[in-house]
Amino acid sequence: MSELQFTFNDYRLQKLEFRLKEVKQKKGAIDVNQALQCQHKFKGAVAEVFLRIRLDGEQSPFIIEISYLGIFQFNKDLNSVDEKKREKIIQVNCTAILFPFIRETIAEITRKAGLPPLLLSSFNFVKAYEQI
């Protein structure tokens, strides 16, 4: 049986919500809570992967919610692929491809709001998947 392969066809910003809060901003690092979610659906050999992140916190000067859609073309019908293998590729590889787009958008939107650009730390999608 051949190896499962895919190409990254496209991405789209699905949702962007940014709201400044009435919080006294401290100098230095911005303290935010980060919630990351991944959902997907597929039809045949095409997977649509939705990556959503919400940043908020009691002392955070803002609330950000952002969602991106990534479209991935696989070399075979995903219904014929072992579910565990399919889930791992989508949850690890596809989300890791989308994450830099979210990261860049967050840095740019915080900069445009007159705040220091918020650069999200790298995220280990393999470790997160293994903890599911």
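Predicted model: local features only at pLDDT ≥ 70, side-chain atom pairs only at ≥ 80, totals over all residues.
Visitor: How many of the residues count as buried?
Guide: Of the 132 residues, 35% do. To count as buried, a residue must have under 20% relative accessible area.

Visitor: What order do the four strands take in the sheet?
Guide: The order is E1-E4-E3-E2. The sheet is open, and the pairing is antiparallel.

Visitor: Why are strands E1 and E2 said to stand at the edges?
Guide: Strand E1 (6-20) and strand E2 (33-43) each have a single partner strand, so one side of each is left without a neighbour in the sheet. The twist from one strand to the next averages 15 degrees.

Visitor: What makes E3 and E4 a pair?
Guide: Pairing takes at least two bridges between the strands. Strand E3 (residues 46-56) and strand E4 (residues 62-74) are joined over 10 bridges, in the antiparallel sense. E3 and E4 therefore pass the test. Arg54 stands opposite Glu65 in E4. Arg52 has Ser67 in E4 as its bridge partner. The two strands form a hairpin, with five residues between them.

Visitor: How do you know that E2 and E3 pair?
Guide: The cut-off is at least two bridges. E2 and E3 run antiparallel and are joined by 11 bridges. They therefore count as paired. Gln34 has Leu55 in E3 as its bridge partner. The hairpin of E2 and E3 has two residues between the strands. Gly44 in this hairpin takes a positive phi near 65 degrees.

Visitor: Which side chains of E3 point to the buried face?
Guide: Ala47, Val49, Leu51, Ile53 and Leu55 point to one face and are buried.

Visitor: Where does H1 lie?
Guide: H1 lies across E1, E2, E3 and E4. The helix runs at about 140 degrees to E4.

Visitor: How do you know that the span of H1 agrees with its number of residues?
Guide: H1 has 30 residues, and at 1.5 Å a residue they should span 44 Å. The end C-alpha atoms are 42 Å apart, which agrees.

Visitor: Where does H1 bend?
Guide: H1 bends by about 35 degrees at Ala96. A proline, Pro100, follows within four residues. After H1 comes Gly114, whose phi is positive, near 85 degrees.

Visitor: Why is Arg86 called buried?
Guide: The cut-off is under 20% relative accessible area. Arg86 has 10%, so it is buried. Arg86 is found in helix H1 (residues 83-112). Leaving aside neighbours within four places in sequence, Arg86 is in contact with Phe42, Leu78, Asn79 and Val81.

Visitor: What makes the pair of Arg86 and Leu78 a polar contact?
Guide: The pair of N or O atoms must lie within 3.5 Å. The backbone oxygen of Leu78 lies 2.9 Å from a polar atom of the Arg86 side chain. The distance therefore falls within the limit.

Visitor: Is Thr95 buried or exposed?
Guide: Thr95 counts as buried, because its relative accessibility is 0%. Thr95 lies in helix H1. A polar atom of its side chain is 2.4 Å from the backbone oxygen of Gln91. Not counting residues up to four places away in sequence, Thr95 touches Cys38, Val49, Leu51, Ile90 and Phe125.

Visitor: Why is Asp10 called partly exposed?
Guide: Partly exposed lies between the limits of under 20% for buried and over 50% for exposed. Asp10 has 31% relative accessibility, so it counts as partly exposed. Its place is in strand E1. Not counting residues up to four places away in sequence, Asp10 touches Leu69, Gly70 and Ile71.

Visitor: What separates the C-alpha atoms of Asp10 and Ala96?
Guide: The distance is 14 Å, while the two residues are 86 residues apart along the chain.

Key:
Residues numbered from 1 in each chain as written. Heavy atoms only, no water. Buried < 20%, exposed > 50% of the residue type's maximum accessible area, 1.4 Å probe, protein only. Polar contact = N/O pair within 3.5 Å; in protein donor to acceptor, adjacent residues only side chain to side chain. Contact = heavy atoms within 4.5 Å. Axes fitted to C-alpha atoms, helices over the stretch in contact; angles between N-to-C directions. Expected span 1.5 Å × (residues − 1). Bend = angle between axes of the 7 residues up to and from the residue.
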